[in-house]
Amino acid sequence: VAAIKCPSCKALLEPDETIGTETIVCTNCRSLIGIAKDRTQLLGHLSTDPTQTSLDSPLKIGTIGFVRGKHLRVTGIIKRSDGAYDWHEIALADDTNAVTWIWVDRGHFSVCVCEGKNCVSVDGTRDYKFQSQTLRLYDRAKANVVAAAGQFPFTVDIDRNSEFMDYIAPPYCASHEDGMWWVFEYVPTSEIETAFGISCNKPDGVGINQPSRYQQGRFAAGMVTIISILVLMVIHVALGSRSSENALIDGTVDLHDPQNTPPESFGPFTLDMPKSALEIEVSSPLDNAWTDLTLALVDQATTKTYWTSQGVEFYSGIDSDGPWTQGSRYQTALIRSIPAGRYMLLAHGETGTWNNGQPPQSAAVRIYLRSAPISNFLLALGLIITTGAIYVGLMYRYEAKRWSDSLYSPYVKRDS
Amino acid sequence: VKQFKKNGAVVIYGATCAVIVGLFVLADFTGYAVFGETPFGEKPDAQHTIIMRFHK
């Protein structure tokens, strides 16, 4: 097709015959001109209001790039809107002059990977499918053309207000309009910048078909969680075997006359690990009485002393509600961070009674090595589960953000 | 493995889990109990003085 003149302003236009131009936008007067068999026809005038017609497209007419194995050249740009919400549809010709599309939504790019009536199938449950992925309805709206530039191998109707439906299954968005499907695949902005040698603004929010890194990584995250828990269990069992049910100390503290009885000594016993956790068990057959043992671990080599106190108390009686008991004749406590060494245990008791109780005559003291206490395992398990819950929460939040502009969001309950 | 290479979220998640497991292994290996009563140590007070006096 040779150069033609704009029927409106007589400006010279040069349709690209290689792509089979059927519509060209006059760069001078913004008229939309149809071309058929070397004849031109004025299809309409685009608004001259720059606030509406400003294309502000990240890709300009004539920009060349290499996207996903194709050399592409921008031949036309259409800006469409549904009320205050607008987006760009960019026509690009490849090496064979076939036209493909890039859709730009709030700075998010998607390239058309299928165009036709049969791109999307319907399965037995009446769900729409694209490449075995189930598509979910995201939006149903009407759109019209508010601005255009360049040329297109079809007739652009600016008066048409056509209805479309968008279905998504990230990274895909399948748009159904006029009985045709256009399936777009999300392309990261960085890839577009590299492909076309341009610099783009940061995309706004989450693209409707933007892949979620949380979703993409959920299998790996699940595997990490399972492996972490298995490692925790194996380590706990393996190192827990160093703990022993044989008491390091198994002694009885005489409580007949604690005021005038010197501390009793037990041991010695040896702790080999840099730090050891010890479980101290105190028991006494008392009733309506208490005893409190002061326990000191004395390192025989350094004479450093680590001491603690541990007591038991048990009370019982009968009142208007019947018999009652309070306290316990048996107590345990975990003592942590005892350094390696050879230790003696010194024990000294105090006693007391309540009501008609008899003072206890003795208390048993046992010390066990607890090198890998269950509390360590439970804490680590809790942290792993919490971390996993945070991951799931972030995944949920990402999806909720994606669907925040949709009337069909599965994350928002709407009154029917 | 692919998911680890290009997915920051999974890398951070994996690193967090690794740190938790590592700290757990370190604690169990050295015999450190995260929970539990810390011994009162060498700081003398009335009871400690009494028991040590008897001991001497």
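Me: What area is buried between chain A and chain B, and what share of this area do carbon and sulfur atoms give?
Reply: In this predicted model, about 4200 Å² is buried between chain A and chain B, and carbon and sulfur atoms give 67% of this area. The contact draws on 56 residues from chain A and 37 residues from chain B. On the chain A side, A:Trp307, A:Arg336 and A:Asn376 lose the most area to chain B, together 20% of what that side buries.

Me: How many salt bridges does the rule find across the interface of chain A and chain B?
Reply: The rule finds zero salt bridges there.

Me: Why are α5(A) and α2(B) called roughly antiparallel?
Reply: Helix α5 (residues 374–402) of chain A packs against helix α2 (residues 8–30) of chain B at an angle of about 175 degrees, their axes being 10 Å apart. Angles over 145 degrees count as roughly antiparallel, and the pair is therefore given that name.

Me: Which residue classes make up the contact of α5(A) with α2(B)?
Reply: The residues in contact include A:Phe377, A:Leu383 and A:Tyr391 of α5(A), and B:Tyr13, B:Ile20 and B:Phe24 of α2(B). By class, this contact has 13 nonpolar, four polar and one charged residues.

Me: Why does A:Phe314 count as buried?
Reply: Buried means under 20% relative accessible area. A:Phe314 has 11% relative accessibility, so this residue counts as buried. A:Phe314 has its place in strand β21 (residues 305–319) of chain A.

Me: Leaving aside neighbours within four places in sequence, which residues is A:Phe314 in contact with?
Reply: Among them are A:Leu286, A:Ala289, A:Thr325 and A:Arg329.

Key: Residues numbered from 1 in each chain as written. Chains lettered and ligands numbered in written order. Predicted model: local features only at pLDDT ≥ 70, side-chain atom pairs only at ≥ 80, totals over all residues. Heavy atoms only, no water. Axes fitted to C-alpha atoms, helices over the stretch in contact; angles between N-to-C directions. Helix = DSSP H or I, 4+ residues; strand = E, 2+ residues; numbered from the N terminus. Parallel < 35°, antiparallel > 145°, perpendicular 65-115°, else oblique. Contact = heavy atoms within 4.5 Å. Nonpolar A, V, L, I, M, F, W, Y, C, P; charged D, E, K, R; others polar. Buried < 20%, exposed > 50% of the residue type's maximum accessible area, 1.4 Å probe, protein only. Buried area = accessible area lost by both parts, 1.4 Å probe. Salt bridge = Lys/Arg side-chain N within 4 Å of Asp/Glu carboxyl O.
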